[in-house]
Structures are given as structure tokens and as C-alpha cells.
Amino acid sequence: MTPFMLRIAELVGTDESQLGELDTLAPMPMTRISQRIATSTGADRQVAIRSLAEQLVCEANAVLAHADDRLSLVDETLPSELAFAVGYRGRAARVSMTFEDGTAYGRLVGDGFEAELPHELDGPDALPDLLVRLMTQSGLPHHPVHI
């Protein structure tokens, strides 16, 4: 099992009364204020984050029991934007990169990720926390997990 799969298994296998603080188990993902960057850099970042998202969604779903809800990953095809949304139990987070006038602009929006200024993930390393936060805020199931 991967470290992310073990993290999900630990969360699912923990009795709900022993979970404690949400911020300790599921910290907010690291973000930064969105800035315009070169198109090629933006495309590379988005592809890296999207590829990792697919891997982590598969890993989390592999740990969840057959009867549990599953994470979803939906790509959006728009003329000047690469975007995907990860959903769990009616909540979602959308990660996008918009391309305009030779620049790219990243953005993270969704339930529980509101900010006064536009923000984007700080990089692929922030993605596991994003998925765990989404799952715990949506009511992650709790039952024994056999590793």
C-alpha cells in the first residue's frame, strides 16, 4: 500500500469518536495567491496535478469498502482552460488553469476552499491534503479496514 492509501485506511478505520480535530487529520491544502505565469509552465503544472489526482483518486477508492461512496474525477473541456473536479458525497473541488494572451492562471474553487483572492494549489504535493479534506468534510465512513 502507498502512503496515501495508508492515510485513507487510517481515517476510515478510526472510530469517529476518536478523530479529534479536523485540521489535524485533514489540514487545509497549501495554496498560493494565483499569479499569471508562462503558458508552458501553466500547462505543465496542470498536467502534473491532474495526473497525480487520477492516481490518488484510484488509491483512495481502492481502500474504501465496496458499499462506500467513491471519489469522482471529472475533466472539463473548455476552449481556453484545462480543468478537473474531484467530488465526494455531493461536495467538490475544482482545479483549473486558464490560458489567455500568452499567460496561464491557476485557480482552486470549491466547497470549503473559498478565499478573498483567487488561489491555486501550491503544487502537486498539496493534492493529498485537498482530497483528504474533501473526504473528511463530506462525512468519511468509519469501519474496520484490512490492510
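**Exercise 1. Is Ile37 buried or exposed, going by its relative accessibility?**

*Solution.* The structure is a predicted model, in which local features need pLDDT of at least 70, side-chain atom pairs count only at pLDDT 80 or more, and totals for chains, interfaces and linings use all residues. Residues are numbered from 1 along each chain as its sequence is written, and side-chain values use heavy atoms, with hydrogens and water left out.

Begin by locating the residue: Ile37 lies in strand β2, residues 36–38, where helices (H or I, at least four residues) and strands (E, at least two) are DSSP runs numbered from the N terminus. Next apply the cut-offs, by which buried means under 20% relative accessible area, exposed over 50% and partly exposed in between, with a 1.4 Å probe and protein chains only. The relative accessibility of Ile37 is 17%, and Ile37 therefore counts as buried. Finally, list its contacts (heavy atoms within 4.5 Å): leaving aside residues up to four places away in sequence, Ile37 touches Gly42, Arg45, Gly102, Thr103 and Ala104.

**Exercise 2. Describe how helix α1 packs against helix α4.**

*Solution.* Two packed helices are described by the angle between their axes and the distance between the axes. For α1 (residues 3–13) and α4 (residues 127–137), the angle is about 20° and the axes are 12 Å apart. The axes are lines fitted to C-alpha atoms, for helices over the stretch in contact, and angles run from 0 to 180 degrees between N-to-C directions. Angles under 35 degrees count as roughly parallel, over 145 as roughly antiparallel, 65 to 115 as roughly perpendicular and the rest as oblique, and α1 and α4 are therefore roughly parallel to each other. On the α1 side the contact is made by Phe4, Arg7, Ile8 and Leu11, and on the α4 side by Pro128, Asp129, Leu131, Val132, Met135 and Thr136.

**Exercise 3. Which residues of α1 are buried, and which exposed residues are on the face turned away from them?**

*Solution.* The buried residues of α1 are Phe4, Met5, Ile8, Ala9, Leu11 and Val12. Seen down the helix axis, they fall within an arc of 165°, so they line one face of α1; the arc is that of the directions from the helix axis to the C-beta atoms. The face turned away from this buried side carries the exposed residues Pro3 and Glu10.

**Exercise 4. Describe how helix α3 packs against α4.**

*Solution.* Helix α3 (residues 39–63) packs against α4 at an angle of about 45°, with the axes 10 Å apart, which makes α3 oblique to α4. In this contact Ile49, Leu52, Ala53, Leu56, Val57 and Ala60 of α3 meet Leu127, Pro128, Leu131 and Met135 of α4.
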